[in-house]
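Colleague: Please walk me through this model, and tell me what stands behind each term you use.

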Amino acid sequence: MHEMPKIFVGGIPIDISAVLMLLISCTVVFVLVMLSVRKLSVENPSKLQNFMEWVVEFVEGVVSSAMDLKKGKPYISLGLTLILFIFVSNLLGLPFSVVTEAHGPVTVFGHVIEATRNLAHGDHVEILWYKSPTADINITAGLAIIVFILMNFLGIKLNGKHYFKHYIEPFPIFLPLNIIENLAKPVALAIRLFANIFAGEVLITVILKLGILSIPFLAVWQGFSIFVGALQAFIFTILTMVYIAQMTIHEEEAH
């Protein structure tokens, strides 16, 4: 069982591997987007520009499937950010992982990694430094909480009294159920994304134990994992748009 390189700063636990992988994901997405718009051309677009234009059009389709595109245009950049970041994050742990063996206390930035703090002589622990960020429930929960705060803020700001009224529809007795339904949305978002990516990486670890026999199985599973990573990025993004539409657009307006 691999341990995470967790340290405590001011009593707050910080997973160094999660922070590192988040930085890598953000960097990859930023570089990808910057390269795609570096030499914009209408007559002779590059392959990367064509790819990014396709992604933008795809996200526009996702937004328009959840709400009228006129109302959804402000959320296209949000959808584009989510789908690119989550897709890249889902794939980072597929090619390889970085695991080190610690035989004594290991310090990072002057703080001791908790898993190595009490190692006795002769003991050792394996530290996992490189993994898919979305294989960490804290990362997916953070994304889900951002979506939860955003959709409720937009609902209050753009939908006014109808936002609060929907909690007591169709009857006031449904208030507790409607509140639970609202709170369940970020929980489902976080657990669905985490469970699919984490399970995929665990299965890769199991397949690798087959030794040389693992090569064909690993190739098939990694190909399938790319599909799963893309699918989960799509599901998270489209559900985000659906939740925002539910909160911001009154039913009478939708019709």
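Modeller: Let's start with "contact", which means heavy atoms within 4.5 Å. Counting contacts in the protein between residues at least 6 apart in sequence, 71% join residues at least 24 apart. Keep in mind that this is a predicted model: local features need pLDDT of at least 70, side-chain atom pairs count only at pLDDT 80 or more, and totals for chains, interfaces and linings use all residues. Residues are numbered from 1 along each chain as its sequence is written, and side-chain values use heavy atoms, with hydrogens and water left out.

Colleague: How many helices and strands does the protein have?

Modeller: There are 8 helices and 6 strands. These are DSSP runs numbered from the N terminus: H or I with at least four residues for helices, E with at least two for strands. From the N terminus on, the order is β-β-α-α-α-α-β-β-β-β-α-α-α-α. The C-alpha trace spans about 70 × 55 × 35 Å along its principal axes.

Colleague: Why is Met 21 called buried?

Modeller: Buried means under 20% relative accessible area (exposed is over 50%, partly exposed in between; 1.4 Å probe, protein chains only). Met 21 has 0% relative accessibility, so it counts as buried. You'll find Met 21 in helix 1, residues 16-36. Leaving out neighbours within four places in sequence, Met 21 is in contact with Leu 92, Trp 129, Tyr 130, Lys 131 and Pro 133. Tyr 130 is 109 residues away along the chain, yet the two C-alpha atoms are separated by 6.9 Å. Across the protein, buried residues make up 36% of the 255 residues.

Colleague: And what makes Ser 89 buried?

Modeller: That test again: Ser 89 has 0% relative accessibility, so it counts as buried. Ser 89 is in helix 4. Not counting residues up to four places away in sequence, Ser 89 touches Ser 25, Ser 132, Pro 133 and Thr 134.

Colleague: How do you know that Val 59 is buried?

Modeller: Its relative accessible area is 1%, so the label is buried. Val 59 lies in helix 2, and beyond four places in sequence it touches Ile 76, Gly 79, Leu 80 and Ile 83.

Colleague: On to packing. Why is helix 1 called roughly perpendicular to helix 2?

Modeller: The axes of helix 1 and helix 2 come within 8 Å and cross at roughly 110°. That angle is why helix 1 counts as roughly perpendicular to helix 2. The bands are under 35 degrees for roughly parallel, over 145 for roughly antiparallel, 65 to 115 for roughly perpendicular, and oblique for the rest. Axes are lines fitted to C-alpha atoms, for helices over the stretch in contact, and angles run from 0 to 180 degrees between N-to-C directions. Leu 32, Val 33, Leu 35 and Ser 36 of helix 1 make the contact with Leu 48, Gln 49, Phe 51 and Met 52 of helix 2.

Colleague: How do the residues of that contact divide into nonpolar, polar and charged?

Modeller: They are 6 nonpolar, 2 polar and no charged. Ala, Val, Leu, Ile, Met, Phe, Trp, Tyr, Cys and Pro count as nonpolar, Asp, Glu, Lys and Arg as charged, and the others, Gly among them, as polar.

Colleague: What makes helix 5 roughly parallel to helix 7?

Modeller: Helix 5 (residues 137-165) and helix 7 (residues 214-248) pack at about 25°, with axes 7 Å apart. That angle makes helix 5 roughly parallel to helix 7. Their crossing is right-handed, meaning the near helix is turned clockwise from the far one by less than a right angle; anticlockwise is left-handed. Their contact has 12 nonpolar, 5 polar and no charged residues.

Colleague: Which handedness does the crossing of helix 1 and helix 2 have?

Modeller: The crossing of helix 1 and helix 2 is left-handed.

Colleague: Which peptide bond is cis?

Modeller: The bond joining Glu 169 and Pro 170 is cis, with omega about 0°. Most peptide bonds are trans. Pro 170 sits in the loop between helix 5 and helix 6 (175-208).

Colleague: What does the UniProt record list as "transmembrane region"?

Modeller: The unreviewed UniProt entry lists residues 12-37, 75-96, 137-156, 193-218 and 224-245. Positions follow the numbering used here, feature names are shortened, and annotations may be inferred rather than shown by experiment. In the model, residues 224-245 are 100% helix and 0% strand, with end C-alpha atoms 31 Å apart. Residues 193-218 are 81% helix and 0% strand, and their end C-alpha atoms are 21 Å apart.
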